[in-house]
Amino acid sequence: MNNFTREMVDEYANKLLIGLTEEENKLVLKEFNIIDANMQLIEKFPDIKKIEPMTHALDSYEYELKEETGEVESIEIEDLLKNCGCYEEREIKVPRVIN
Amino acid sequence: MNKYKAVIGLEMHCEMKSKTKVFSNALNNYSEIPNVNVSPIDMAFPGILPRINKECVKKALMASIILNCKQPEYLEFDRKNYYYPDLPKGYQITQMHSPIGVSGKITIDCNGYEKEVLIHDIHLEEDAASLDHYDDATLIDYNRCGVPLLELVTEPCFSNADEAIAFLETIKRIYQYCDISEADTRKGQIRCDVNVSIMDENSTTLGTKVEMKNVNSFSNIYDCINYEIKRQSELKASGRYDEVIQETRRYDEESGTTIRMREKVEAIDYKYFIEPNIPKYKINKDWLEKIKLAIPMLPKERKEKYINEYKLSEYDANIIIKEKDYADYFEETVQIGADAKSAANWLIVNIIGYLSKNDETLKDFYLKPQMLQEIISAQNSGQISSKQAKEIFIKCLEEKKHPKEFMNKENAQISDKDKISEIITVILENNPEQITAYKNGKTNLFDYFVGQVMKETKGKANPVITKEILKNKLDN
Amino acid sequence: MTELSIEKLHNLLINGEISSEALIKEAIAKSYEVQKKCNAFVTIIENAKAVEVTDNLLSGIPYGIKDNYSTKGILSTGSSNTLKNYIPIFDATAVEQLKKAGAVAVNKTALDEFGMGGTGTTAHTGIIKNPWDLSRTCAGSSSGSAAAVAAGVYPYALGSDTGDSIRKPAAFCGIVGYKPTYGMISRYGLFPFASSLDTCGVLTRNVKDAAIVVDAMKKQDEKDLTSWASKDMHLYESINGEVKGKKLFYIKEIVDESNYPNISEELKKHLQIFKESLKKLEAQGVIIEEVSIDKELLKTIPSVYVCISCAEATSNMSNLTGIAFGPRGNGENIYEIMKNHRTVGFSPLIKRRFVIGSYILQKENQERYFVNAQRVRRLIVDRMKELFKKYDALILPVSKGVAPKLDELNDEINDESTVLLEEHLQIGNFGGFPSITIPNGMINKMPVGINITGNCFDDINVLNIAYALESQMNYKDMTAGDYRE
């Protein structure tokens, strides 16, 4: 079942904007084999496809959406830029992004 | 070039109108100054969670109802994951699994015929930050980040650019009428993705679909569609249809052409999954009913009313419904008693012209419906002449004064029959030779007498009454 | 004094026998000591100010905050290099609530990077050590909080729990770890790991203290749509120790010795201690029954957990690019800059989990991995809810024994034999169930723990059972080195 390869690991890491060492790559493959084996188990559960996926911790939410109250939140510019490594005047600066 | 037919589909993104953003409490306002309407949520600082703006959900549902879509039982959102510097969270909150409306349809008027447009879905999502590109750097402004967007996706059901534009105009108007959006293309509030393919006239197999991203004005969309149809047709006609590939292109305004951006093969996988921070929200029937009742009369119905009830021409009705402001102004004027045809005339001939000349909108137009109504009734009752009415109209706007100020006795038209009769009697007494000449057949002297009356009254005599009395006196 | 309970400290403060200043000073001094030994903190808040002591039980008393809570004006790193200089501009709602109660934060505790990991070895500030035995782990991810509370720095510290991150460190450090029902405490300002599993909670040295702190932290927060109204739920006041007639169950496939053919002496002792604890409850009129659950279903727990948590985590941490905050990466273009920030900033463990998470979210894999995991999550939760109709709570031993030696750890996903003993606490996160761990014995001078988990919103019941058991044992208000029989 499992056709997860080293190259794929690197490709997925790259898509996440992450670089992996060879050692890390190996570990991913190893961990993945365990998960994959378990997923094969899951697929064998009877009628698994009929079960509604559980996407939230609680199913019993009853809540009201909030009306716009006119309460407005806005960050002071000093706060907005406080943790930023590179900015110009009021804006965050990055190298020119080419479309 | 007519041996091919085109198939066109649209994705229309429109910024919605609301006080605050869709998932945060920052103002939903355009600002020239960067980063003034930004909450920690918009910046995606660690630990932030989305809220939901009920107003946006309500308006999105309203659009869904108008477009005859099916509304879901539960409100639900998804994450669309990708990395781009205008997307601070690294994902956009949107709707994929369960959009706020699916499988809708709407009938539009296109150059005199009706066309049914099929809606694939309509969904609520958030806008990204804006990137300001300079030679050596890009600056990020988060004001737009989190602004509510309504994305409408049609089935590929248009066969030419005219139909596509007629549809966009119709939707734009609906949004404006329902206050869902200002839908102002000049402010960049509407952005469209357009997909175009061509096929043989008799074929039922769709051709290769080419997508144009982010086309931003209706005239560009029009040109873009036509260019793309031409491009594909020429390639097909010359046996090079294999050069039409499934890809994403962009419209280049300067050259009026489309240019390749990327091939579909390397399409990004957005890894959509249900947003776990927003619990499902039950959309109850009562709420939907309430929203339905709150839908104002839409342009199409208004047009029918203008034609059937107010007896306007279709041409005039079309002009008035073009903007909700026009229609509202018109209806208010009529409602307080003005003659509908006169009101339409004034609006179309004088007001719209004035607005465009002075780059004003009806919202800050000084002459309110009440004032226009007063001018119209004064004119229709003969109290003032049409020439005077126009003068008063201009004076009101110039001096920002109420029309009453210019309709005092000195200026008023003389419609008093006895008074006019008296003046005419004097004039006739003083011109015996002319009367004789007139009675001997020199009938064009009639205008001479009218002229004399006008001279005497400084042009204020009601011309209709004047002519009536004169004719009576001369012919008897 | 800081080793005393909240109730005692409050009385001393009210009676003027100690001052808030003195308590805070002591907590800060102890923080430095514990930092030297255990490396438990990212930040010690030297200038923490005393506040007026009021009727509020928490007023004037020092406490610690796990470093994945956003604290205004105070460095908050999530124990990650990606946020090593990040100073938030807002407080997490839970922190804001405690501030309102008059609680005084004196440090930010280290954790496994962003809560991913259970060993206390992946914090950017280094390995966190167990105050009972410095060669051992505290487990994780609330490692620093557990170490500090066990060392008596203060009566409580905040934790967060995605799989077992409060409840396992509590067991390994001989203290109480309470994860309330999902959504009772707002997550606004908690750095997310896996949003549908993350829960705020607390580590204390006794059950009542845990109730007191959560009473103060909880609130329906308009900033967290998954939070719910618990105004009428008064945890502390509701604890009375009356448990007669309550029905508990344990899972045979986890507890029965026959599951472990090559059972270690340590595990044998652990299970024996567990059974003794059950007897103590039975003596108070609690009915306890053994329940059997499909082992094939139980076996999937760790994979279901990994699939869901890794998938949500990859997405949750996509905001960490070093653009608007965090150290700016190096590179020629925007993508290189973001990639450099993430490659340098994340620890190897997290990176591996991200790749797995991303893979299983991929369009062509999502159904097989992510969605199937969500389906099994429901199967497990449904089975538990069915049992909660008949029983008040589930009771189980935590882990296969005491805290492992740091040099014997491996951070890979657990293998076969004792995997269920290690991972069953994740059930509590699958269902959003209230769950509490308390110490129930010592093996070779190291503490072990027992866990009680109940149905959603049934926190009072869970706390009450834990309190009743605690009262029958000798491990209440225990600090590290305080060896008890």
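Analyst: In chain B, 67% of the contacts with a separation of 6 or more are between residues 24 or more positions apart; two residues are in contact if their C-beta atoms, placed from the backbone, lie within 7 Å. This is a predicted model, in which local features need pLDDT of at least 70, side-chain atom pairs count only at pLDDT 80 or more, and totals for chains, interfaces and linings use all residues. Residues are numbered from 1 along each chain as its sequence is written, while chains are lettered from A and ligands numbered from 1 in the order in which they are written.

User: What radius of gyration does chain B have?

Analyst: The radius is taken over C-alpha atoms, and the globule rule is 2.2 Å times the number of residues to the power 0.38. For 476 residues, a compact globule would come near 23 Å, but chain B has 31 Å.

User: Which helix gives the most to the side of chain C that touches chain B?

Analyst: Here 34 residues of chain C are in contact with 24 residues of chain B. Helices H11 (301-316), H12 (334-345) and H14 (363-390) of chain C each give two or more residues to that side; helices are DSSP runs of H or I with at least four residues, strands are runs of E with at least two, and both are numbered from the N terminus. The most, three residues, comes from H11(C).

User: Which element supplies the largest share of the side of chain A that touches chain C?

Analyst: Between these chains, 44 residues of chain A are in contact with 54 residues of chain C. Helix H1 (6-15), helix H2 (22-43) and strand S2 (91-95) of chain A each supply at least two residues of that side. The largest share, 13 residues, is from H2(A).
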